[in-house]
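Visitor: I would like to learn how to read a model like this one. Please take me through a few features.

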Amino acid sequence: MDLEKYLLYVILPMLTVSTILVFIRFMKGPSIADRVISFDLMVIVGLGTIAVASMLSNQSTFLDVAMVVALIGFLSTVAFSYYLEKRQRND
């Protein structure tokens, strides 16, 4: 099995299933902290998908996009955690 078939028939279905499970957790999460964590996981799964697309198309420009998405995901997680900490102090 070569790399392209492995990416198409093993990795992409695993990313699809994990996206579905994480989205269910995002919708069902009882607290906002669960939703923040599941959002961060969605960003990570999206990064994996971008990396697979980059490997399949042999274009490294997708990796630049992945770095920007990772930075935005990290900053949004930090902002949410800062908001949650401020909210707990005020309560």
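Visitor: Is asparagine 58 buried or exposed?

Guide: This is a predicted model. Asparagine 58 has a relative accessible area of 68%, and the cut-off for exposed is over 50%, so asparagine 58 counts as exposed. Asparagine 58 is found in the loop between α2 (32-57) and α3.

Visitor: What should I look for in the phi of asparagine 58?

Guide: The general idea is that most residues other than glycine have a negative phi. Here, phi of asparagine 58 is near 55°, a positive value.

Visitor: How are two packed helices described?

Guide: By the angle between their axes and the distance between the axes. In this model, the axes of α2 and α3 come within 9 Å and cross at roughly 175°. Angles over 145 degrees count as roughly antiparallel, so α2 is roughly antiparallel to α3. The contact of α2 with α3 has 17 nonpolar, five polar and two charged residues.

Visitor: At what angle do the axes of α1 and α2 cross?

Guide: At roughly 165°, and these axes come within 9 Å. That makes α1 roughly antiparallel to α2. Their contact has 16 nonpolar, five polar and four charged residues. As for handedness, α1 passes α2 in a left-handed crossing.

Visitor: Where in the chain is confidence lowest, and where is it highest?

Guide: Confidence is lowest in helix α3 (residues 61-90), with a mean pLDDT of 91, and highest in helix α1 (residues 3-28), at 95. The chain averages a pLDDT of 92, and 100% of the residues score at least 70.

Note on methods
Residues are numbered from 1 along each chain as its sequence is written. This is a predicted model: local features need pLDDT of at least 70, side-chain atom pairs count only at pLDDT 80 or more; totals for chains, interfaces and linings use all residues. Side-chain values use heavy atoms; hydrogens and water are left out. pLDDT is the predictor's confidence in each residue, from 0 to 100. Helices (H or I, at least four residues) and strands (E, at least two) are DSSP runs, numbered from the N terminus. Buried means under 20% relative accessible area, exposed over 50%, partly exposed in between (1.4 Å probe, protein chains only). Axes are lines fitted to C-alpha atoms, for helices over the stretch in contact, and angles run from 0 to 180 degrees between N-to-C directions. Angles under 35 degrees count as roughly parallel, over 145 as roughly antiparallel, 65 to 115 as roughly perpendicular and the rest as oblique. Ala, Val, Leu, Ile, Met, Phe, Trp, Tyr, Cys and Pro count as nonpolar, Asp, Glu, Lys and Arg as charged, and the others, Gly among them, as polar. A crossing is left-handed if the near helix is turned anticlockwise from the far one by less than a right angle, and right-handed if clockwise.
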